[in-house]
Amino acid sequence: MILTGVLRHYATILLASTPKKQELPALREQRSLLRGINFRNNAHVISPSAFAARKNYMVSAFKDGTFLKDPENRGKPAANPMTDPAAMEGMMGMMKGNMAMMVPQTLIMSWINAFFAGFVISESFKLVAEIFTPYFVLDLVKKA
């Protein structure tokens, strides 16, 4: 089991694709959202005047779409991820990871099936015999 876990770990590392660098506009959009979240969470640390100035700047920038990677697509629905090659690559990465988990699991299940199949059958017959033996004995006594 431990060896399987180690092999699974290294198979996951080998199958993992290297993360691609993000474009500058996408990175700016992501970082501005994180900056807004951090600003909201830590607002109690700064003075009220500094808070108001930063809040006004961030609100106006978010309203204008300054931090968006595609300002011209503002207000439009998101594109279908199945048509985006980058999204398809991410989905394939997830499928490779799932396969790396399924193959060892299948091997372990077949190993358990091969070694314990007879045990389960023999134990179940012993259980059946223990349960129904008194009924067979009573039936024999009644017939005699």
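Colleague: What should I know about the model before we start?

Modeller: It is a predicted model, where local features need pLDDT of at least 70, side-chain atom pairs count only at pLDDT 80 or more, and totals for chains, interfaces and linings use all residues. Residues are numbered from 1 along each chain as its sequence is written, and side-chain values use heavy atoms, with hydrogens and water left out.

Colleague: How many helices and strands does the chain have?

Modeller: Four helices and zero strands. The pattern along the sequence is α-α-α-α. Helices (H or I, at least four residues) and strands (E, at least two) are DSSP runs, numbered from the N terminus.

Colleague: What share of the residues counts as buried?

Modeller: 8% of the 144 residues. Buried means under 20% relative accessible area, exposed over 50%, and partly exposed in between, with a 1.4 Å probe and protein chains only.

Colleague: Let's look at aromatics. How many pairs turn up in the whole structure?

Modeller: Three aromatic pairs. One of them is Phe-39 with Phe-51, which is stacked, at 5.1 Å centre to centre and 15° between the planes. The pair links distant parts of the chain: Phe-39 is in helix H2 and Phe-51 in helix H3 (residues 48-64), 12 residues apart.

Colleague: What are the cut-offs for a pair?

Modeller: Rings of Phe, Tyr and Trp (its six-membered ring) pair if their centres lie within 6.5 Å. Planes under 30 degrees apart count as stacked, over 60 as edge-to-face and the rest as tilted.

Colleague: Why does Phe-39 count as buried?

Modeller: Because its relative accessibility is 16%. Phe-51 counts as partly exposed, at 28%.

Colleague: Which other pair can you show me?

Modeller: Tyr-57 and Phe-67, an edge-to-face pair at 6.5 Å centre to centre and 75° between the planes. Tyr-57 lies in helix H3 and Phe-67 in the loop between H3 and helix H4 (85-143), so the pair ties together parts that are 10 residues apart in sequence.

Colleague: Is Phe-67 buried or exposed?

Modeller: Buried, with a relative accessible area of 9%.

Colleague: Left-handed or right-handed?

Modeller: H2 passes H3 in a left-handed crossing. That is, the near helix is turned anticlockwise from the far one by less than a right angle; clockwise would be right-handed.

Colleague: Which residues meet there?

Modeller: From H2, Ser-32, Leu-33, Arg-35, Gly-36 and Phe-39. From H3, Phe-51, Arg-54, Lys-55, Met-58 and Phe-62. By class, this contact has five nonpolar, two polar and three charged residues. Ala, Val, Leu, Ile, Met, Phe, Trp, Tyr, Cys and Pro count as nonpolar, Asp, Glu, Lys and Arg as charged, and the others, Gly among them, as polar.

Colleague: Which residues is Ser-32 in contact with?

Modeller: Met-58, Phe-62 and Phe-67, leaving aside neighbours within four places in sequence. Contact means heavy atoms within 4.5 Å. Ser-32 counts as buried, at 1% relative accessibility.

Colleague: And Arg-40, buried or exposed?

Modeller: Exposed, at 59% relative accessibility. Arg-40 is in helix H2 (residues 24-41). Its C-alpha atom is 9.5 Å from that of Phe-51, 11 residues apart along the chain.

Colleague: New topic. What does Leu-15 touch?

Modeller: Lys-96 and Ala-100, not counting residues up to four places away in sequence. Leu-15 lies in helix H1 (residues 2-15) and counts as partly exposed at 39%.

Colleague: Where does Glu-89 lie?

Modeller: In helix H4. Glu-89 and Ser-17 are 72 residues apart in sequence and 9.2 Å apart in space, C-alpha to C-alpha. Glu-89 counts as partly exposed, at 37%.
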